[in-house]
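Subject: Structure handover

Hello,

Here is the structure I said I would pass on.

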Amino acid sequence: MKNKLDKVAVMVSLVFLSQTMVAGERTAPLQVSATVQARARWIAVSSNEVTVGVTMYPNVRAQVWAAKGECGTPVSAHQIADSGIHKVTFTPQELDGTDQFCVASGDGAVQSAANRPR
């Protein structure tokens with residue numbers, strides 16, 4: 001009786017093994033798609049300089065500027081032409097009377113502000 005059970009166990013193992021090996025040989029094409037969301041991320045902020053990571057849609061530009069209170073209309077804005085990490089340094093004249101840094105894309109998908117340290 002034990003001998004029959006051993007044979008059945010071996011047969012089940014062989015069937016399982018053959019199925020595993022056959023399954024391992026199969027290939028199929030895989031298609032992947034992703035959606036990238038436009039956004040800005042403040043990486044470093046000092047009293048006169050910012051490093052901002054910007055992800056924008058194709059053919060869109062962004063602006064970075066210093067403002068007082070709310071971002072509003074850009075004044076003396078620095079242009080960002082493409083997605084990536086950008087370091088922007090401001091002159092004392094650009095910073096006079098301001099308390100935050102602002103970034104916005106031309107299509108309005110990216111808008112963010114960071115407090116400017118004193």
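The notes below cover a sheet, the core and one histidine.

Please keep in mind that this is a predicted model.

Three strands make up an open sheet, ordered 1-2-5, with antiparallel pairing. Strand 1 (39-45) and strand 5 (84-89) are the edge strands; each has a single partner strand, so one side of each has no neighbour in the sheet. On average, neighbouring strands here are turned by 25° against each other, direction ignored. Strands 1 and 2 are joined by six bridges. Ala44 has Thr51, in strand 2, as its bridge partner.

Core. The largest nonpolar core contains 18 residues, and Trp42, Val50, Met56, Val64, Ile80, Phe90 and Phe101 have the most contacts inside it. At least two residues of this core come from each of strand 2 (49-55), strand 3 (62-67) and strand 6 (100-105). Leaving aside residues up to four places away in sequence, Val50 touches Trp42, Ala44, Val45, Val64, His86, Lys87, Val88, Phe90 and Phe101.

Histidine. His86, one of the residues that Val50 touches, is part of strand 5. Is His86 buried or exposed? Its relative accessibility is 18%, and the cut-off for buried is under 20%, so His86 counts as buried. A polar atom of the His86 side chain lies 2.8 Å from the backbone oxygen of Asp82. With residues up to four places away in sequence not counted, His86 touches Val50, Thr51, Val52 and Ile80.

Regards

Note on methods: Residues are numbered from 1 along each chain as its sequence is written. This is a predicted model: local features need pLDDT of at least 70, side-chain atom pairs count only at pLDDT 80 or more; totals for chains, interfaces and linings use all residues. Side-chain values use heavy atoms; hydrogens and water are left out. A nonpolar core is a set of buried Ala, Val, Leu, Ile, Met, Phe, Trp, Tyr and Cys residues joined through side-chain atoms within 4.5 Å. Buried means under 20% relative accessible area, exposed over 50%, partly exposed in between (1.4 Å probe, protein chains only). Helices (H or I, at least four residues) and strands (E, at least two) are DSSP runs, numbered from the N terminus. Contact means heavy atoms within 4.5 Å. Two strands pair if DSSP finds at least two bridges between them. Axes are lines fitted to C-alpha atoms, for helices over the stretch in contact, and angles run from 0 to 180 degrees between N-to-C directions. A polar contact is a pair of N or O atoms within 3.5 Å; within protein, one must be able to donate a hydrogen and the other to accept it, and residues adjacent in sequence count only if both atoms are side-chain atoms.
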